[in-house]
Amino acid sequence: MRKLFFPSLIIVGAIIIIARLFYLQIVDGSYLIKSENNAIKIVYEYPERGYIFDRNGELLVANQPSYDIMVIPREVKNIDTLELCKILEITKEDFIKKIEKAKVYSPRLPSLFMAQLSKKEFAAFQEKQRHYKGFYIQKRSLRDYQVDYAANVFGYIRQINEAELERRPYYKSGELIGIRGVEQAYEEQLRGVRGVFYIQRDKHNKEIGSYKEGKYDTLAKKGKDLTITIDAELQKYGEQLMVNKRGGIVAIEPKTGEILALVTAPSYDPGLLVGKNRSKNYIAIDSIPGKPFFDKVLQGQFSPGSPFKILTGLVGLQEGVIDTQTRFSCARGFYYSRGGFMGCHDVGAWNLHPAIAKSCNTYFAQTFMKTVNKYPTPAQGVDAWYKHLASFGLDNYMGYDLPSGQKGRIPNSTFYQKWFPNGGWSSTTIVSNSIGQGEVEMTPIQLANVMCAVANEGYYYTPHIIKKIEGEEIDKSFVQKKQTTIDSRHFKPVIEGLLEVYQSGTASRLRVPGINICGKTGTVENFVNVDGNRVKLTDHSSFLAFAPKENPKIVIAVFIENGGWGASYAGPIASLMIEKYLKKEISRTDLETRMLNANLSANYVTKDKAERQKAERERLKREQEKLKNIK
């Protein structure tokens, strides 16, 4: 019995292996199509990418056909290389380089040889394609933009690179992928699913039909159409108002968190990043001063300036250190410590309502210090202040559905303990935070979200760009209400003060007939380093508003770099955007003409010089690091 055990084991094992091989080769055969098999040719069919519509159903992004040349290196035999190079208008060196790159990817699988042929190149190649074994035409879809604006909203598509291929196994060499904006955020929905067809070949490499009668073939599935929250007309108008200026505009529907407009300036025509000239155009756009690819609304972190006083007042009310009748005297500023003076532009004794309307630095600095000083230690006071601000979504990524963004900065006790490891800091040390300067930094979209919470009297929805996905639900987090730590009753007096800004305060010249707008001007100090010296430039202009006061339908934040007073440029643009959205026409043509014709280019000369010097310092630093590594 013992003698028979091992021979029997070997026989059983052999039967199992033979049975498995029979199943794989004769019954199943799927292993063949998963391997690099010479007898099977794989052909991909690429679907149309999903269309993009605005909130009103206007088509913004469609598709156009594109033709690439693919190569299977192992099949390239006995071709007239010089003739092919002449047809495609490339050098022999380029030909060799492309073939070698394809071999590295795979000798047996198709690789992109040349993308997006012109009509002339396509016609010439198609006519003689039969002479170039191993080469074939692959049809794809490129974007066809129906508008020449909103480039930062859409993003763009390009060929996937090698690093991305390693991280994302779904993709093949030469395939297209969404970069930035909606194209990146909703890549999986927009791209669809490619079709795959397996063609069997005989021993002479001649195609003889579908492998296994098409059993493993799959049809391409078109990408899903998207409806985004953007109002196309409002977006277009915002970009027109921002010509020859730098900065951003964001408009949000406060009751839903839907983004109505997302403008960054300077911008560019999204159609420039489509076609064979995409790379050349990308380099040209990237070299434009003002960084068109840097979305200032989502990525720009700035001192918020006076609009931050809204939060200072709300926290003071919630903490009980002030009420609506609390008064502070202002004599063009006040001494908050020995030798420490904070300036202001007015004289008087104000309570909350006029303090908001007049944007009194003294009032909000005193409120901030009272808030911090309420607690036994400055650390505890600052952390209580921080907790309230964090409930507005500050000092954190907001969770919106666009791929770029910044956290901003709201300092807490941990932050200051690092700055002052030996202690010695107090409310007076950090009083500049009270008026949106100091260590506080926010993005324009964070500012807009704060105003949404004010307009809603205590809650907000996460800002988002998606309204509808074909055959799919949107992320549930976008319809969940987020509550702040501020009681609803404290918002009403603040809103009355914001209305007064337009009635008799700093924005009184920006009123729009028939619309009760609540707003807040902001002027932010602006310094750069030039030739080793700290140079003060024209202040940044900011503005925050919502309208109408009853049942608000739009919140808007505007930030204009080097724009001066808040009411100079940011305020007028905010008023015009609000009127455009609510009334679909403009009555304040005086403001419109001035904004459309305003050119702030001269204000950016010194800043551009500072940016060039900074870039040069960084370049020299990188070169020095390289030299260190070589040594």
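**Exercises on aromatic rings**

The charged end of Lys536 sits over the ring of Phe527, 5.8 Å from its centre. The model is predicted: local features need pLDDT of at least 70, side-chain atom pairs count only at pLDDT 80 or more, and totals for chains, interfaces and linings use all residues. Residues are numbered from 1 along each chain as its sequence is written, and side-chain values use heavy atoms, leaving out hydrogens and water.

**Exercise 1.** Find which charged residue lies over the face of Tyr170.

Step 1. A charge sits over a ring if NZ of Lys or CZ of Arg is within 6 Å of the ring centre and within 35 degrees of the ring normal.
Step 2. Arg191 lies over the face of Tyr170, at 3.9 Å from the ring centre.

**Exercise 2.** Classify the pair Phe95 and Phe113.

Step 1. Rings of Phe, Tyr and Trp (its six-membered ring) pair if their centres lie within 6.5 Å; planes under 30 degrees apart count as stacked, over 60 as edge-to-face and the rest as tilted.
Step 2. The structure holds 27 aromatic pairs. In one of them, Phe95 and Phe113 are 5.6 Å apart centre to centre with 65° between the planes, which is edge-to-face.
Step 3. Phe95 is in helix H4 (residues 92–105) and Phe113 in strand E4 (residues 111–114), 18 residues apart, and the pair links distant parts of the chain. Helices (H or I, at least four residues) and strands (E, at least two) are DSSP runs, numbered from the N terminus.

**Exercise 3.** State whether Phe95 and Phe113 are buried or exposed.

Step 1. Buried means under 20% relative accessible area, exposed over 50%, partly exposed in between (1.4 Å probe, protein chains only).
Step 2. Both Phe95 and Phe113 are buried.
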